[in-house]
Amino acid sequence: MTSLTVIFTGLLYFATIILIVGIAYRIYEYSRTPAPLVIPTTPAPTSNSGVAMRMAREVVLFESLFKSNKWIWLFGWLFHVGLALVLMRHIRYFQEPVWFWVEFIQPFGKYASFMMVAGLAGLWARRFLVDRVRYISTPSDHLMLALLLAIGISGALMTFVAHTDIVALKAFALGLVVFDFHPVPEDPLLLIHLGLVALLMIIFPISKLLHAPGIFFSPTRNQKDDPRTTRHIAPWAAAMERDKA
Amino acid sequence: MAVAEFEVPTLTEYTVVPKINPGAMANIKSFVSPQGPQEYLGYPWVLGDDWKERAIDKMGDLLSKYRSLRVFMDACVHCGACTDKCHYFLGTADPNNMPVARQDLMRKVYRRYFTLPGKIAPWLVGAEDLTEDTLNQWYTYYHQCSECRRCSVYCPYGIDTAEVTMAGREILNHVGMGQKYSNEILVKVQKIGNNLGLPGPALEDTLLGLEEDIEADTGVAVKMPLDVEGAEIMLVTPSADFFSEPHVESLIGYAKVFHAAGVSWTLSSKASEAGNFGLFNGSYETMQKVAMRIRDAALELGCKRIIVGECGHAWRVAYSFWNTLTGVGYGGNDPFSKKLQDQLDHRYPQPMHICEYTWDLIQNDVLKFDKSLNDGRVITFHDSCNVARGSRMGDEPGGQFIIPRNIIKAVANNFHDMSADTIGEGTFCCGGGGGLLTDDLIEVRVKGALPRMNAYNSVVQGNQVNFLALICAICKAQFTKVFPYYGFDRGQVGGVHQLVSTAIKLD
């Protein structure tokens, strides 16, 4: 194995472990932190199925964002849906044979990279053009968009312009899954793409990308409106009550 | 300190999103709480040498106790969806009044002390050390937020700036920078029984006077009972209802409704305040202490039902938190909850809003009205923020929008809603909620009222509206104060039960 292969194999395993352990830890932290008061933003659903529907509308359609600002919604939704399709398409590199539905979305997944890039470009433009958004943007906000855009563009270039050796790539990727290591193709574009993806995975659990698990734990969206019929009490509040009694 | 002169914004057909004007409101600082209230509430009153540790410790404590704060500190992506949603930003153009920027005042400190990137590369992620300047910024801008939650409607992750403001104020209290207005009220309500500091005998006198007024006016002996043991209903209402105008007109309305329904009811001198400024401070314990008076009064008087008068934040606390804090409600299986539940009448929701009560009676044809008596009024309704986004009325989500309007339409002939994006869940705050209803913040209040004033002006111009109906004591006091700044007559401000009072037929 070349040292390049060793480096990339190690990097991708490292990034995967950080991503999974990091997000699992965050989810553990969020779920362990109590929500002492009932604070759904009302009108709110009164049943669990209603809450599930509200959450689904938020996660799939970005309902609140749609109410808020049609431009951010358009760019944000294009980017996220594009990214989702692209990610699903990438499953093909990690399995043999390839699932039917992954085959099916292959053409959509290819062109979804344009959605992704267009959405990101729109979101980035707002950071320069809208004075309010410019004011709140930090260097990391810009770098995050640059990172995602670089991943999207390098990927799209390999799909549409300078094809990489897809057979060798699949051998490498599949090898990571089954621990039968193959050399990483020495295509600079591919190496940039993989390196940036690994970077993204590593910073995920310590960055604003935590909005992805975060939304599921947001009390204003995941709580039921039932405080008159159910007594909610956090463990620390119950302990306080016992101490007093 | 004399209140500085300031420019009152000009009314426009629609509220225009302003270009940001950094620092526009940086010099506003409401009076800091002196020793008395701080000591009573268990907080220091000067910044000690250890203020920084105390602040960071308190932040860590709150992060471990409140999932809202924990998640909201991490989840924001700076998308900008909330930037044009706050009435204080729209009215002042100060970018720190954009919800995300207000949150970031705390988030930059959170990142510095509680996150890895903020510890190793603060410049990259906008993390900053906690300094006295930061603390002063917190004090300034966490007292330019009315905790109205409008931003939380529009945030893709439901981030609620009210939770951040509450945490900010709680930390400020713990380092000795409480707000005079709110903390003095929190002392009065606990020492005397209500926010206005009206002692029992004065309350009794006031109620007797009101009974005489009603009888002189209508010829009917409508009673306002106080501390009657065994009464079926205990009414808990904001103390402003006892002697502020126009609040008292609604109190008269409730009394007439109870009279017409023929029920036994009572006010309580112990629970002579529905309001609970503990909410504004973000202190669970203070909020619980203040709310316990209602439970205690209910147990002492032996009432079967607890009804809450027209007060926005009080209704949020009552509807959403009373069950948790004090066991007023159903579903608790512990002895503490059961004790009160056994006493309450399970045919009715507890607590109940006075509008739910009146609307039920209207639907059951118990109340009779002469709607023409309200014909001099062309009415619009302002959804109060805490009722709209922090509570409910009736059985269905959104009942808090429908029921008050239904009451108005049942007692009056002329009703026009304001523009759809300024009512319902998107309603604009009056500008004086959340502990800002003090003269030392008058500039914030007047400017923050702009979006509501624009919407009101539109229906005044377009539909000859001349009455703004409210179900919140703070809204009533705030609009009475700021209407003249915008050229409106303060007599146009009133309560929903004031309209009921005008039209109801008594025998």
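Strand 3 (residues 305–308) of chain B is covered on both faces: B:Arg305 and B:Ile307 on one side, and B:Ile306 and B:Val308 on the other, are all buried (20 or more other C-beta atoms, placed from the backbone, within 10 Å of the residue's own). Strands are DSSP runs of E of at least two residues, and helices are runs of H or I of at least four, numbered from the N terminus. The model is a predicted one, in which local features need pLDDT of at least 70 and side-chain atom pairs count only at pLDDT 80 or more, while totals for chains, interfaces and linings use all residues. Residues are numbered from 1 along each chain as its sequence is written, with chains lettered from A and ligands numbered from 1 in the order in which they are written.

Strand 3 of chain B has parallel partners. Four bridges join strand 1 (residues 233–236) of chain B to strand 3 of chain B, and here B:Ile233 has B:Arg305 as its bridge partner. Strand 4 (residues 352–353) of chain B is also parallel to strand 3 of chain B, with two bridges; B:Val308 stands opposite B:His353. Pairing requires that DSSP finds at least two bridges between the strands.

B:Val308 returns in the largest nonpolar core, a set of 201 residues (buried Ala, Val, Leu, Ile, Met, Phe, Trp, Tyr and Cys joined through C-beta atoms within 7 Å). The residues that touch the most other members are B:Met234, B:Val308, B:Ile379, B:Ile407, B:Ile408, B:Ala469 and B:Leu499. Leaving aside neighbours within four places in sequence, B:Leu499 is in contact (C-beta atoms, placed from the backbone, within 7 Å) with B:Asn374, B:Ile379, B:Ile408, B:Val411, B:Ala412 and B:Ala469.

Another part of chain B holds an open sheet of three strands, ordered 5-6-7 with parallel pairing. Strand 5 (379–381) and strand 7 of chain B are its edges, each pairing on one side only, and the twist averages 35 degrees from one strand to the next. Strand 6 and strand 7 of chain B share three bridges, and B:Leu468 is partnered by B:Val493 in strand 7 of chain B. Helix 24 of chain B packs on this sheet, touching strand 6 and strand 7, and its direction makes about 165 degrees with that of strand 7 of chain B (axes are lines fitted to C-alpha atoms, for helices over the stretch in contact, with angles from 0 to 180 degrees between N-to-C directions).

Helix 24 (residues 473–482) of chain B is largely enclosed by the rest of the structure, because ten of its ten residues are buried.

Technical notes:
Buried ≥ 20, exposed ≤ 12 C-beta atoms within 10 Å, placed from the backbone. Contact = placed C-beta atoms within 7 Å.
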